[in-house]
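I opened my notebook to look up a few features of this structure. My entries follow the order in which I checked them.

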Amino acid sequence: MPADEALADLLGLRRGRWTFLPVVPRRIEFAALVRKRLCAMRPAVVAVELPWEYWPALISEVLSLPNYGSICTGPILGEVKDPAVLVEPGDALTEALRTANEIGARPELIGSAVLPMLPQSDFYPDPAALEWIPYEKYVELYFLNPPPSPQADERARVAATRLLKLDPEAETAVVVTLPVFVRLHTLLAGGQASEEPAWRGSARNLRVAASCLGDICEDCPYLQERYEDMRRQLADDPDCPLPSRRRWLAELWREAETNYRAIYRGELAPWQRRQASRFLERLVRFDGAVAPSLFDLVAAARGVVDDNFAYEIWRLGTSPRYHIDRPDGDNAELRAEQVFLNTRRLRLRQRYEREKRRAAPRAWKRRPARDVRGWAAQLDGDAICSYPPEDIVIEDYGRFLRQKAKTMLGEERSRVEPFTTSVLDGIDLRETIRRWHEGRLYVRETERVSGDAGAVVVIFDEDRDNRYPWLTTWLGEHSNESDMAFYSTPPFENLVGPGIGRAEYGGFLMTLPPGRLMDVWSDPDYDFAETKPERLLLAALDYSLERHVVYVGPRPPRAIFRQIAARLARQIVYIPLGALSPEKLRRIRVLHVLDSHERRRTASRYIW
Amino acid sequence: MTVEVEGVVLHLSHPVEFAAEWIGQEEVLRELLAAWMTLGEGDLPMNPRITGKPGVGKTTLAYTAARRLGREVYIMQGTVDTRPEDLIVQPVVEGPGTLRYVASPLVTAMLRGGVAILDEANRMPEKSWASLAPLLDARRYVESIVAGIKIPARPEFRLVCTMNEDASTFDLPEYIYSRLQPQIHVDFPEMEEELEILRQNLPMAEEEVLYRISRFLQAAHEMDEPYTVRDGISIGRYALRLVSAGRQPDTAQALRFAIRHVLGEEALRYAG
C-alpha cells in the first residue's frame, strides 16, 4: 500500500464507502484538489458542508460561475442582512458542487444556515504548501495540532447528523472544512443523529460587484481566474499538478511591471527587484507562510518601488476578466467585514491620499475608467500647455540643483593648512587629530565661489536610439517660471484623460529669466551638436546669464564643451545622475501635456 | 563601559529607555520586524527606513519594534552638521596630550548587538552617509578614520532610519537609497487608533474631549494638513489647563482657543 494511502486510512479519510476530503475553504489549491479527486473518483454522491437551507439559491449561483455571487440571508419579510456564503470559482466547497454537477453525482448539503459560517475565523497552515507536500501529509499536520475553532464543534454536530441520514452504501465523497473533519470522527463513531436546528430565514441570490472583489476575496481574483483557466485540464489530466501560487504571483508581478512601464514610464532597477524579493521572502516567513499573498506583493512593491507600482499590482490582482456585472446595476458592494474577521490595511498614496486594505479602500477617490478611444476623439491640440503642479515641482528641483552645484564647487575649493597666523574658517579637527603626532593645529579655508548657477540641463537618457522623438521648446508663463527645451516621448501617444497626454523626459534644459528661448531644436547655431544632450548644453551655455551651468547626466560632457564654455566665460558644473535621489528623479521625469488651457481645470481628475 | 577594538579602547554610549508604545497600524510594525529577519545562516537583515510626516510616530514605531526583539536600543539624531566622525568614533580630549575615543550610539549598537535608530537621518549630508556605506551592505563594518580602526557589526545588530518628509532634508544618492530598503511609510492613524493614543497621553481628559480632538485631527488628515496626534496632545493638554485655571468657561471653547494658539487661526476651520 502506498505511503499516502496508508496515511489516509490512519487519518480516517476513508470510512466504508465514504471518502472524506477535508479542505481549507476559499483557497485555490484545495479547489483544484477537490476537482481532481472528484473527477478521478466519480462518486455517486457528493456531500458538501454548505447550508442545506440555501439549496436553490446556491445551485443557481454555482451554475453562473465564474461570475462571483453570494447568498444573502434575512428575515422573511425583512431587510437583507449580511451575506452568508460567497460563491467564487476558487472555493473548494463550491467547486465540489460545481464538479458534482458536471460528473452527474448527486449533491447533498450537510451544513446549516443556523450556524454562521462566515465571517471566516479558522486558521490553517498555508495551503500553498500543497505544491511541495502530499495532501494527506497536510491533513496530518493539521490533525496533529488543530488550532482552536470556536464554531467548529456545532458545525461538526450538524454535519454528522446530516451525514448519518445519507445512504452508507452509496459511494460518497464528503467535502468538509478541516476543523469540522477533525471533530467528525468522534461524532460519527457515536452514530446517533441529533435533532436538526430549525431555520426561519430567507435566502436570496446577490450578484457581487466587480469593484469590491479585491475587498472580499481570500484568494485574489487574478489567482482565481488563473485557476478557472486550468479547471478543464484538472478534469482531463490525472497527472495535472496543483496550482503554483508562487509562480502565478511572480507572473502577476511581471505583468504589473509591463503596465508600470507603459503607464507610468517606470523601470525597475535590478537592485529594486533584488530588494523586493528579499523583503517579500521575509514577509512570507514572518507570517509562517510559504507563499506570499497579494497583500504581501503590494507591501513589497510599495516598500521598494513606489505607490504607483503597488497600485498596478493591486489593480491587476483584483480586476476580474471573467466576472461581468449585471447590466441592470443590481450588483452588491460588499464590505470586507462581511466576509472576514481579520482585515489588514495598507494605504497607497499616489497623487491623492487613498487607503487600501487587503481589501479595497474605504471612501477613496477612484480613478476614472480608462477610455483611450473616447479621449483621443476629444483631442484638440491648438495650444498645448503644461500641468501647473508639475511646473512647481520642476522649478523647485531646478533651484535645488543650482544650490547643489554651488555647494559642490565650494567643497572642491576648500583647503586645509597648518595653523600659522589665522584660524581662517575654523580649526579642522579631523586633520588635526589625524596628524596629532605633529603637535600642530590644522585650519580650513573654504573659498567663496564667485558667480551663481544659471541654466540647468538634466539628461536622463542620451537617446542614442531615438526613443524620445518629441522635441519642444516652451516659454515660462510668469517671471518665476523657466523657459524649457526638452526631448521626450510623444505625450499624446499615451493619453491619460481627455486631451491629457503623459510623456517621459529624455532630457531638458531650464533657464531663467523666461521669455528668451528661441526654438533650440531648429537653431542652426547648435547644428554641430552630435546628440540631443549636446544641443541642450550648447543652448544652456548660450542662454545662461550666470557663470555656472549645471549639467546633470549619466556621463560628463565631452572635453570640447569645457573649452566652448570657457570661451563664453561659463563653467560647466557636472553632477552625476547617480548622485541624485532616484525617487526624486522618477517623480520629475514624468510630465503631462494638456491640449489647451481649459484642460487645467479638469486635469487633476485624471493625473495620478 | 569600554570595548577594545584592534588595540584601541572605545568608550561606549548608553542605551535609551523611554515609555513609548506603538498603538494601531500593526501592518507597519509587521513590515519592520519582517525586514529585520534573517532567513538562515549567511543571510543579512535589511536596513529599512521609516518615512512619514513629522509627529506620526516613526521613532516610537522603531523603538517598539526594537523592544519586541528584546535588544538594547540606541538612538542617534541626524542633523545637518552630523559629520562622519560623529556617526562613528569621536575623539575627546581627556587630559594633557591624551585622547579618549567615544563610540557613537550607532557604533555602540554594532558592538553590543543592539538596535540603532538613526533618527531624522535625511537631515545628514551625503558625506556622512558615505561613511556608512560599508555598514549597509554585506560588509557590515565601519571604518573610523580618527581612531584608525575597522569596527565590525555583530550579527544581532539591526539598523533603522527614520526620515521626515519636509523641505529641510537632503536627497539621498542612489547608492545609499538602494541600501536603505524597504521604505516603510507611516500614515496618519485611523480615528479609533488616534483616540487610543490620545487616551494614553491624556489620561485625565474626558472621553468627549478626546473625541473632539480626534474628530478635529481626522478632518485635518482628510485635507492632508500636516497636523498630527502630537499636536492633538498639545491641544488637549493646553485646553485642560485653560479649563482648570478658569481661563475658559468650558472645554469646547478651551479647545478652540488651544487650537488657535497651538496651530494658528487657519486650523480652526477643522474644529467644527
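Is the crossing of H12(A) and H13(A) left-handed or right-handed? I looked it up in this predicted model: the crossing of H12(A) and H13(A) is right-handed. I noted the contact next. From H12(A) come A:Leu294, A:Leu297, A:Val298, A:Ala301 and A:Arg302. H13(A) brings A:Asp307, A:Phe309, A:Ala310, A:Ile313, A:Trp314, A:Gly317 and A:Thr318. I sorted these residues into eight nonpolar, two polar and two charged.

Then I checked the geometry. H12 of chain A spans residues 294-304, and H13 of chain A spans residues 307-318. Their axes come within 7 Å and cross at roughly 160°. Angles over 145 degrees count as roughly antiparallel, so H12(A) is roughly antiparallel to H13(A).

I turned to the two chains. Chain B gives 41 residues to the contact and chain A gives 39. Between them, chain B and chain A bury about 3,700 Å², with 51% of it on carbon and sulfur atoms. I found four salt bridges between chain B and chain A. I looked at the one joining A:Arg282 and B:Asp43, where the closest N and O atoms are 2.6 Å apart.

Last, I went through the backbone. Most residues other than glycine have a negative phi, and most peptide bonds are trans. A:Arg26 has a positive phi, near 65°. I placed A:Arg26 in the loop between strand E2 and helix H2 of chain A. A cis peptide bond joins A:Leu65 and A:Pro66, with omega about 15°. A:Pro66 sits in the loop between helix H3 and strand E4 of chain A. The peptide bond from A:Leu512 to A:Pro513 is also cis, with omega near -5°. I found A:Pro513 in the loop between strand E19 and helix H18 of chain A.

Note on methods:
Residues numbered from 1 in each chain as written. Chains lettered and ligands numbered in written order. Predicted model: local features only at pLDDT ≥ 70, side-chain atom pairs only at ≥ 80, totals over all residues. Heavy atoms only, no water. Axes fitted to C-alpha atoms, helices over the stretch in contact; angles between N-to-C directions. Helix = DSSP H or I, 4+ residues; strand = E, 2+ residues; numbered from the N terminus. Parallel < 35°, antiparallel > 145°, perpendicular 65-115°, else oblique. Left-handed = near helix turned anticlockwise from the far one by under 90°. Contact = heavy atoms within 4.5 Å. Nonpolar A, V, L, I, M, F, W, Y, C, P; charged D, E, K, R; others polar. Buried area = accessible area lost by both parts, 1.4 Å probe. Salt bridge = Lys/Arg side-chain N within 4 Å of Asp/Glu carboxyl O.
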